[in-house]
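Have the sequence and the 3D view ready.

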Amino acid sequence: MMARAPLSTPFTASSTADEVARSLDLTGIRAIVTGASSGIGIETARALTAAGAEVTLAVRNTAAGDAVAGSIESSTGGIRPRVVRLDLADRATVTSFVDAWSGPLHLLVNNAGVVTGGLERTREGWELQFATNHLGHLALAIGLHRALALGASDRDGARIVSVSSTAHMRSGIDFDDLHFERRDYDPQIAYAQSKTANSLFAVEATRLWASDGIVANAVNPGGVATGLQRNFTARQKQSLDAAEAAGVFTYKTVQQGAATTMVAALAPQFAHSGGHYLDDSQEAYTVPNDADLAQHPHGVKEWALDPAIAERLWAVSTDLLRT
């Protein structure tokens, strides 16, 4: 059996979010963007609003979210985005957000992310990066499943975009110690594990929900200087500088970084096809788990797309969320 060719689009690493949305009318589309008070989240929300979508900014800091909503309304001449509080590390706020949502949802962009400089835990004792970047988004998506199914029924499909990272190539999922209770803590490995989890989420969500008209895809926005790096330790900054020097990535603008998210959200190639990992606005090629990051900066490791690992992670994660 011949290997399937990766899905391709007309867009490139230099494309912008506005270019992806150009000529599209998103009137009637209801979208949620998590972490939309900074960086790529702002640009994603702005581009969607400019194209006519009704956008909800799901943010921890509602004052910052209100400022962003005002700026988006002024710059686009569109409808002012709604602002709703959401702290992905706090299950109560996820539940409140889900309970407050009514009606269909057509697009969920799981964009928010956290990077820590050292070991931090939630009140449940979960490692913070895994809890925020993966478990919180999983709980949100599960809670909004019915709304997404409603959206799919009236718009020929609903989509979830899961923002991952090339960092996923540094670590698979350590099922024996998800929360660093026994191994030495390395914030870079913890972040990498959470980004692998973001990709695996897209694989399993598509398997479970494609029959409802819902597909999920993971994206790597590329190197973009945002608030995500504010908590970097000196070692993390040195590692980032070394990766840039090795050619692992070239910095993009925020507008370019949001383009791959917009491709997964809007491009017809991904309307009914999920479980993919996108890089530079294309479906990435798959590389072995022992592949060198510097040699394959635009690849995706097998462990981030493995259906068996994705199914196991979903089961383990939902068990955690039920405790």
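This is a predicted model: local features need pLDDT of at least 70, side-chain atom pairs count only at pLDDT 80 or more; totals for chains, interfaces and linings use all residues.

## Two helices side by side

Start with helix α5 (residues 128-143) and helix α7 (residues 187-209): their axes are 7 Å apart and meet at an angle of about 15°. Angles under 35 degrees count as roughly parallel, so α5 and α7 are roughly parallel to each other. Their crossing is right-handed.

Who makes the contact? On the α5 side the residues include Phe130, Leu138 and Ile142, while α7 brings in, among others, Tyr191, Phe201 and Trp209. Sorted by class, the contact of α5 with α7 has 10 nonpolar, 6 polar and 1 charged residues.

## Salt bridges within a helix

The model has 13 salt bridges in total. Take Glu43 and Arg46: their closest N and O atoms are 2.7 Å apart. The two sit 3 residues apart in helix α2 (residues 39-50), so about one helical turn separates them. Glu43 is buried at 6% relative accessible area, and Arg46 is buried at 18%. Asp18 joins Glu43 and Arg46 in a network of salt bridges.

Arg207 is partly exposed at 49%, whereas Glu204 is buried at 2%.

## A link across the chain

Arg91 forms a salt bridge with Glu124, with 3.1 Å between the closest N and O atoms. This pair ties together distant parts of the chain: Arg91 is in helix α4 (residues 91-100), and Glu124 is in the loop between β4 (107-110) and α5, 33 residues apart.

Notes. Residues are numbered from 1 along each chain as its sequence is written. Side-chain values use heavy atoms; hydrogens and water are left out. Axes are lines fitted to C-alpha atoms, for helices over the stretch in contact, and angles run from 0 to 180 degrees between N-to-C directions. Helices (H or I, at least four residues) and strands (E, at least two) are DSSP runs, numbered from the N terminus. Angles under 35 degrees count as roughly parallel, over 145 as roughly antiparallel, 65 to 115 as roughly perpendicular and the rest as oblique. A crossing is left-handed if the near helix is turned anticlockwise from the far one by less than a right angle, and right-handed if clockwise. Contact means heavy atoms within 4.5 Å. Ala, Val, Leu, Ile, Met, Phe, Trp, Tyr, Cys and Pro count as nonpolar, Asp, Glu, Lys and Arg as charged, and the others, Gly among them, as polar. A salt bridge is a side-chain nitrogen of Lys or Arg within 4 Å of a carboxyl oxygen of Asp or Glu. Buried means under 20% relative accessible area, exposed over 50%, partly exposed in between (1.4 Å probe, protein chains only).
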